[in-house]
Amino acid sequence: TITVQARAEIKVKGSRFIATAIPVRTKELALTALEQIRAEFYDATHNCYAYRLGHGGLDFRTADDGEPSGTAGKPMLFMLQKFDVSDVLVVVTRYFGGIKLGVGGLARAYSDSAQAVLSVCEKVAVHRTTTVRVLCTYEDVSVVKKIIDQTAVSYESDYRDVIEFTTHIHDSLVASFC
């Protein structure tokens with residue numbers, strides 16, 4: 001996914017295309033962010049969008065917002081897939097410049113806009129993990145900590161009568177870790 005919201009702008013034959021990429025985790029957050037963009041660019045001709053959510057980006061949606069069918073949302077979704085990002089909403093705002101671009105020109109413009117903003121986004125890997133609690137004595141802490149350091153994405157420790165590690169292990173490694 002991406003870490004923070006980013007924006008990029010391109011111009012094609014007088015039309016301005018302002019692309020905004022926003023990290024979102026749910027449909028509700030995506031729709032709320034979309035409404036904020038629509039309010040910010042209330043005077044725009046179109047606010048087209050695409051988003052991908054969840055593991056593998058299998059939950060997705062596109063909208064052409066009055067542009068000819070398939071010329072805005074789908075090209076933007078293809079860019080999200082090309083950049084292999086999920087939990088991201090891309091909104092491209094268009095201010096019409098007076099020259100019609102045609103179906104191919106529109107698809108290229110929306111695709112290029114999405115590519116421009118995704119190119120400047122800082123990406124971060126998302127690890128699918130399972131939380132595993134490990135309890136050990138002080139005598140065993142060095143061995144246990146070595147295994148945790150080799151396997152865990154992250155962990156927290158609590159030193160009391162016994163040591164409790166709360167580890168976050170990649171889903172694929174949970175069985176071998178245990």
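This is a predicted model: local features need pLDDT of at least 70, side-chain atom pairs count only at pLDDT 80 or more; totals for chains, interfaces and linings use all residues.
Colleague: How far apart are the end C-alpha atoms of helix α1?
Modeller: Helix α1 runs over residues 27-40, which makes 14 residues, and at 1.5 Å a residue these should span 20 Å. The computed distance agrees with that expectation, since the end C-alpha atoms of α1 are 20 Å apart.

Colleague: Within what arc do the buried residues of α1 fall, seen down the axis?
Modeller: The buried residues of α1 are Ala-30, Ala-33, Leu-34 and Ile-37. Seen down the axis of α1, these buried residues line one face of the helix, because they fall within an arc of 105°.

Colleague: Which residues are exposed on the other side of α1?
Modeller: The buried residues of α1 pack against the strands β1, β2, β3 and β5. On the other side of the helix, the exposed residues are Glu-28, Gln-36 and Ala-39.

Colleague: What is the relative accessible area of Arg-7?
Modeller: Arg-7 lies in strand β1, and the residues that Arg-7 touches include Ile-37, Glu-40 and Val-117. A residue counts as buried under 20% and as exposed over 50%. Arg-7 is therefore partly exposed, with a relative accessible area of 35%.

Terms used
Residues are numbered from 1 along each chain as its sequence is written. Side-chain values use heavy atoms; hydrogens and water are left out. Helices (H or I, at least four residues) and strands (E, at least two) are DSSP runs, numbered from the N terminus. The expected span of a helix is 1.5 Å times one less than its number of residues. Buried means under 20% relative accessible area, exposed over 50%, partly exposed in between (1.4 Å probe, protein chains only). The arc is that of the directions from the helix axis to the C-beta atoms. Contact means heavy atoms within 4.5 Å. Lists of a residue's contacts leave out its neighbours within four places in sequence.
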